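Colleague: I'd like to go through this model with you and ask how you back up each label. Could you put it on the screen?

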Amino acid sequence: MDALILSALQESATPALYRRNAFRVTGLPTNVDEDVVRQLRSTARSPEAVRAYDRILGDPRRRLIEELFWLWDTEILRCACPGAVHREHDAAVRAHSSALRLESRSAKLSDGELRRLDEVWITAARAWDEQLERLSLVEQHLLHRMRVLDERLDGAVLEGLHGELRKTLYRPLVSLYATVQPERRAALGRAALAWPAPPDFGRDPLSYQAEPLSERIEAVMRDVRHSLDAGDLAATTKLLRQSLLPAIRQLSAVAPPERHPRTSNLRNEVALLINEFGLQILESRGSTAEKLARRWFTTAEHFAADPQTRRMVIANNNFANEIVDQERHLGLQPPIDVPVYRRPPWPPALRWTVGVLAVVLVALLIPWLMWAWNYGR
Ligand SMILES: [Zn+2]
């Protein structure tokens, strides 16, 4: 595929696909004459507008991608396309643009507005699906535009457009899925299933399978948190081995962390919990548990997604090693926790009372013994 067309498509593949479109920003029609653009650029008031004018004035291949993601209605009179081609393309652009704009503020929408948004997503998915089905018609329009913009260009620049366009249209949905409120994910999952997903994203990108799994992992993490706070090593071990680790491995298989930010974030949180557990083992059992703690640090390292977490876990793993060396160097035995009972001292007042009573008792006892002695004889 043409490198400039490819990079233009990749740059556009964000939730701002239409919001940052050069024609939307400048308010100009897609068939605008370059002289008009040049004139307007000299009076542009914001850097964003200048950049937008430059995207129209620059390489015609860049402009072509801007045109692809904006309205063609003004072209009807000057283009050989049947009228329906422009109309249907514009319907897809309008629906998709609305879906992205509304979804980016879905946290503020009412229930009724959200239901409407769900419909807009499905409309956009179907409309773009049809555009991709009949891509040759879209390409014919683009070829016509190329001839107008620069007669040196030919159809070769559009080679491989189908696959890349699918990715460009799909990526904004994937990005939004990672950032919306958790309650919106099921609705976006439905939109994703209706969407013409690129083959390498799989048909389960935001999958229903991943959603309940992620929620279960969050619940188990809360349980692990409680048992860590309670310092219960046995309960934490059981939760990690039997629940958390199998679940996070399953999620990673369903929604791989390389493509799913949520999986990646969850893996990092799991790594932090396991790291804390390793430290707790060292703290409570010292060098006797060094090997056990190190095994947990190694597990944490495997799940650590961000470099900072990874560095911390590796440092703790080395620290476990150091503890053993230090204790060996000092000739210390592992701590044996046998408590020795020591009677608390008596309070002074009680000591005096007991002393006085003892003296009185002896003073009374002596005459009694003398009497008993005499009486016995
Ligand atoms: Zn046309």
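Colleague: Which residues have the most contacts inside the largest nonpolar core?

Modeller: Bear in mind that this is a predicted model. The largest nonpolar core has 39 residues, and those with the most contacts inside it are Ile65, Ala99, Trp121, Ala124, Leu173, Ala191 and Trp195. Two or more residues each come from helices H1 (3-12), H5 (60-68), H6 (83-103), H7 (111-133), H8 (135-149), H9 (161-179) and H10 (185-194). H9 gives the largest share, eight residues.

Colleague: What is Ile65 in contact with, leaving aside neighbours within four places in sequence?

Modeller: Ile5, Ala8, Leu9 and Ser12. There is also another core, lying apart from that one, with 29 residues that include Ala210, Ile248, Ala289 and Ala300.

Colleague: What makes Ala271 buried?

Modeller: The cut-off is 20 or more other C-beta atoms within 10 Å. Ala271 has 24 such neighbours, so Ala271 counts as buried. Ala271 sits in helix H13 (residues 261-285). Leaving out neighbours within four places in sequence, Ala271 is in contact with Ala300, Phe303, Ala304, Thr309 and Val313. The C-alpha atoms of Ala271 and His302 are separated by 7.7 Å, though the two are 31 residues apart along the chain.

Colleague: How do you know that the span of H8 agrees with what its 15 residues should give?

Modeller: At 1.5 Å a residue, H8 should span 21 Å, and its end C-alpha atoms are 21 Å apart, so the two values agree. Val138, Leu142, Arg145 and Met146 are buried in H8.

Colleague: Why is H16 called hardly covered?

Modeller: The count of buried residues among the 29 residues of H16 is zero. As for its span, helix H16 (residues 348-376) should reach 42 Å at 1.5 Å a residue, and its end C-alpha atoms are 41 Å apart, which agrees. Across the chain, buried residues make up 29% of the 377 residues.

Colleague: How many helices and strands are there in the chain?

Modeller: There are 16 helices and zero strands. Among contacts between residues at least 6 apart in sequence, 65% join residues at least 24 apart.

Colleague: Which elements have the lowest and the highest mean pLDDT?

Modeller: Helix H15 (residues 307-329) has the lowest, at 80, and H5 the highest, at 96. Over residues 333-343 the pLDDT is below 50, and this stretch has four contacts in the model beyond near neighbours in sequence. Where pLDDT is low, the predicted coordinates should not be read in detail. The chain as a whole averages a pLDDT of 86, with 90% of the residues scoring at least 70.

How values were computed
Residues are numbered from 1 along each chain as its sequence is written. This is a predicted model: local features need pLDDT of at least 70, side-chain atom pairs count only at pLDDT 80 or more; totals for chains, interfaces and linings use all residues. A nonpolar core is a set of buried Ala, Val, Leu, Ile, Met, Phe, Trp, Tyr and Cys residues joined through C-beta atoms within 7 Å. A residue is buried if 20 or more other C-beta atoms lie within 10 Å of its own, exposed if 12 or fewer, and partly exposed in between; C-beta atoms are placed from the backbone. Helices (H or I, at least four residues) and strands (E, at least two) are DSSP runs, numbered from the N terminus. Two residues are in contact if their C-beta atoms, placed from the backbone, lie within 7 Å. The expected span of a helix is 1.5 Å times one less than its number of residues. pLDDT is the predictor's confidence in each residue, from 0 to 100.
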